[in-house]
Amino acid sequence: MAESGHDLADACRKCGSYCCTYYALPLDEPEDKNDYDDLRWFLMHEGNYIYIEDGDWYLNVMARCGYLLPSGRCAAYRMRPRICREHGGVEDPCEYYSEYTFEKTFLSPEEIEKHAVAMLGLDRDEVEGWFIHEDEGFWSDGQ
Ligand code: SF4
Ligand code: SF4
């Protein structure tokens, strides 16, 4: 939620405080199997997705800020962090009113696996050896 210029305040009322309901963190571009396996782990968590924008990788986490009030206002407005204070603005449209296009988006572990297979040049046996482990443990559901 950005500065309280008249136009922007009106815009913020309409969008449902979208920018207070998620955050994105930069990721190192994956280079090997372990890197991709870590990305699979991120994507096993509900609501997470990974995207590439201008060649940079990001993890997007859907998580509503604990200070966002049901009214859409900020319960911490006077002490809100810099990221909130500097976000958006009438002359620098936020993500809700911009036409962002990600180069690529990965919504599930399967999608990042396919990308890994293509980027690392793996064949079918290598993929199964990488992802599927025969160990049966207490936590396994037997699949
Ligand atoms: S996403 Fe944009 S319009 Fe919506 S609350 Fe945030 S700054 Fe305002
Ligand atoms: S502190 Fe306020 S402005 Fe910042 S994300 Fe939370 S509700 Fe939004």
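In this predicted model, Glu95 counts as partly exposed because 14 C-beta neighbours lie inside 10 Å, a count that falls between the 12 or fewer of an exposed residue and the 20 or more of a buried one. Glu95 is placed in the loop that runs between α3 (82-85) and β4. Leaving aside residues up to four places away in sequence, Glu95 touches Cys19 and Tyr100. Tyr18 lies 77 residues from Glu95 along the chain, yet the C-alpha atoms of the two are separated by 8.9 Å.

The protein contains five helices and four strands, which follow one another along the sequence in the pattern α-β-α-β-β-α-β-α-α. Of its 143 residues, 10% count as buried. Among contacts with a separation of 6 or more, 67% come from residues 24 or more positions apart.

The four strands form an open sheet with the order β1-β3-β2-β4 and antiparallel pairing. At the edges stand β1 (22-27) and β4 (104-106); each has a single partner strand, so one side of each is left without a neighbour in the sheet. From one strand to the next, the twist averages 25°. In general, the strands of a sheet are paired through backbone hydrogen bonds, in either a parallel or an antiparallel sense.

Within this sheet, β2 (residues 49-53) and β3 (residues 56-62) are joined in the antiparallel sense over five bridges. Along this pair, Ile50 stands opposite Leu59 of β3, and Ile52 faces Trp57 of β3. The hairpin of β2 and β3 has two residues between the strands, and there Asp54 adopts a positive phi near 50°. Strand β2 also pairs with β4, again in the antiparallel sense, over three bridges. Here Tyr51 is the residue that stands opposite Thr105 in β4.

Turning to the helices, α2 (residues 33-43) has Tyr36, Leu39 and Leu43 as buried residues. These residues cover an arc of only 55° around the axis, and they therefore fall on the same side of α2. The cover over the buried residues of α2 includes β2, β4 and α4 (109-120). Strands β2 and β4, both part of that cover, are the two that pair over three bridges in the sheet. On the face of α2 turned away from the buried side, the exposed residues Asn34 and Trp41 are found.

Note on methods. Residues numbered from 1 in each chain as written. Chains lettered and ligands numbered in written order. Predicted model: local features only at pLDDT ≥ 70, side-chain atom pairs only at ≥ 80, totals over all residues. Contact = placed C-beta atoms within 7 Å. Pairing = 2+ DSSP bridges. Axes fitted to C-alpha atoms, helices over the stretch in contact; angles between N-to-C directions. Arc of directions from axis to C-beta.
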